[in-house]
Amino acid sequence: MSELPAERRRELLVELLREARGCCRCPLHEGRTKVVFGMGNADASLMFVGEAPGFHEDQQGLPFVGRAGQLLEELLRGIGLERREVFIANVLKCRPPGNRDPLPAEIEACKPFLLRQIELVDPRVIATLGNFATKLLTRSQRGIGAVHGTPQVHEIAGRRRWVMPLYHPAAALRTPRLVDELRLDFRALAELLRAPLPAPVRSDAFAVADGSSGAGSSAESEPQATAAADGALQLGLFG
Ligand code: URA
């Protein structure tokens, strides 16, 4: 997918955004104010994947704009990065009522959008925030307490990528000692951004999904000439 020109990948991302805005694949669409598709640098080598929009995200239609987002930005600055340099998405694009945990059926329904985002942005490193993103993208039931801070390699959306599991910033706001763990893990993340992917070995060659997401099928069959301004804004396709 990275063979596609950057401009084409942006167009396809905007088409995916439009598709997500009309999504009724699960009952969460009934209660949403806005779809929270994701935002950031469409060419980012680092993508964060959180859990689901909360109250403020649902209101604004943007990911991580509340207190957890402030902590995420502070942690990013600590390793010399700004929010606009990375891409930020969630497992779910719509807010679960009362911020309850995502349900398995909701995760399944929304997964094609995330996989297509990964395919189009094509990050070398994916930082999973909390249990839901980590279990989904590592295809493992090992919890975040056991796996945080240790990079893994997985084939996701058609390509081998680093996956760095991290505590969710919201968990760190509730349990302050986790902030120190997060700071340490962000240092390891900074190292990882400089590290080459290790050579493939047969045992790690499994895929999270088939890489052809399904969410992008209409995107590929009905190309648009240019990215719409609203889509470009949401995606933060900075100049
Ligand atoms: N928590 C998440 O997992 N995602 C957001 O966008 C905001 C808070």
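Me: How many aromatic pairs does a search of the whole structure find?

Reply: Rings of Phe, Tyr and Trp (its six-membered ring) pair if their centres lie within 6.5 Å, and planes under 30 degrees apart count as stacked, over 60 as edge-to-face and the rest as tilted. Here the search of the whole structure finds 1 aromatic pair, formed by Phe 48 and Phe 186, which are stacked at 6.0 Å centre to centre with 15° between the planes. This is a predicted model, in which local features need pLDDT of at least 70 and side-chain atom pairs count only at pLDDT 80 or more, while totals for chains, interfaces and linings use all residues. Residues are numbered from 1 along each chain as its sequence is written, and side-chain values use heavy atoms, with hydrogens and water left out.

Me: Which elements hold Phe 48 and Phe 186?

Reply: Helices (H or I, at least four residues) and strands (E, at least two) are DSSP runs, numbered from the N terminus. Phe 48 lies in strand β2 (residues 46-50) and Phe 186 in helix α9 (residues 177-194), so that the pair links distant parts of the chain, 138 residues apart.

Me: Are Phe 48 and Phe 186 buried or exposed?

Reply: Buried means under 20% relative accessible area, exposed over 50%, and partly exposed in between (1.4 Å probe, protein chains only). Both Phe 48 and Phe 186 are buried.
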